[in-house]
Amino acid sequence: MGYFEGFAVTLKKWGEGVTTKEYRAGKLDSKGEISPKDQKAPKPERAHGRHVLNRYEDGMEKCIGCELCAGVCPAKCIYVRGADNQPEDPTSPGERFGFVYEINYLRCIHCDLCVEACPTQAITETKLFEFSFTNREDAIYTKAELLVDNDGLPQHLPWEDWRPGEDEFTSGWMRATASSGKVQYENTVGWSGELGYGVRAPEMGQRHPGESPPDADTDQSGATSGEDQGSHH
Ligand code: SF4
Ligand code: SF4
């Protein structure tokens, strides 16, 4: 478009009033339905949106505060501090949990490397990307905002635009590559099919069904859970 044609468009629109449209507002038409042009387009299966911190099915937090996600982040936008679990009331399985967890969305480039690095699938990315901020504090998501609720669902923050039903299909996430690089694992979801509904592998191989628990004096390992205990007898 040339210089004068541009002015012609401006003059043509002059006096038409406000032309800015509300973003996919989801307004109902006279039939009580959302018209197609007012509906959001379906999101790609593996869209990278804002993160969540997941829980196991029993409600325990998956994050163990190891800081691998923070270490791998190219934008240096994750801040994690770990703390020791209270043995009588642990927050996560194992020794430590994520005590402080923050992601700065003014920096995040949604590369997913943090997700790839996480050993427990604690941090994953949803498809929720329709959010904006008017101050820096809102842009820095804290653990209280990132942690899924007791039903495994992300928290709907006031500045995020998601409609009823969108929170039910927020993940569909899988690793881009098998951790071993083996092609037979391509497209295989290695863990929860949906965010927050983590399936913790049963504690196999520790004792046979019906067998009594090991005597505390003879079992010095202190192991009570975890997939890496699979060969422990
Ligand atoms: S998606 Fe990438 S940039 Fe964003 S927090 Fe994770 S590693 Fe950092
Ligand atoms: S989210 Fe994962 S990688 Fe990051 S500190 Fe927690 S357990 Fe470690």
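In what follows, Ala, Val, Leu, Ile, Met, Phe, Trp, Tyr, Cys and Pro count as nonpolar, Asp, Glu, Lys and Arg as charged, and the others, Gly among them, as polar. This is a predicted model, in which local features need pLDDT of at least 70 and side-chain atom pairs count only at pLDDT 80 or more, while totals for chains, interfaces and linings use all residues. Residues are numbered from 1 along each chain as its sequence is written, and chains are lettered from A and ligands numbered from 1 in the order in which they are written.

The shell around ligand 2 divides into ten nonpolar, three polar and one charged residues; of the 14 residues that surround this ligand (C-beta atom, placed from the backbone, within 6 Å of it), the closest are Cys-63, Cys-66, Cys-69, Cys-118 and Ile-123. Around ligand 1 there are 13 residues, with Cys-73, Ala-75, Cys-108, Cys-111 and Cys-114 coming nearest, and by class this shell has eleven nonpolar, one polar and one charged residues.

The protein chain has five helices and five strands (DSSP runs of H or I, at least four residues, and of E, at least two, numbered from the N terminus), arranged along the sequence as α-β-α-β-β-α-β-α-β-α. Of its 233 residues, 20% count as buried, meaning that 20 or more other C-beta atoms, placed from the backbone, lie within 10 Å of the residue's own.

Terms used
Buried ≥ 20, exposed ≤ 12 C-beta atoms within 10 Å, placed from the backbone.
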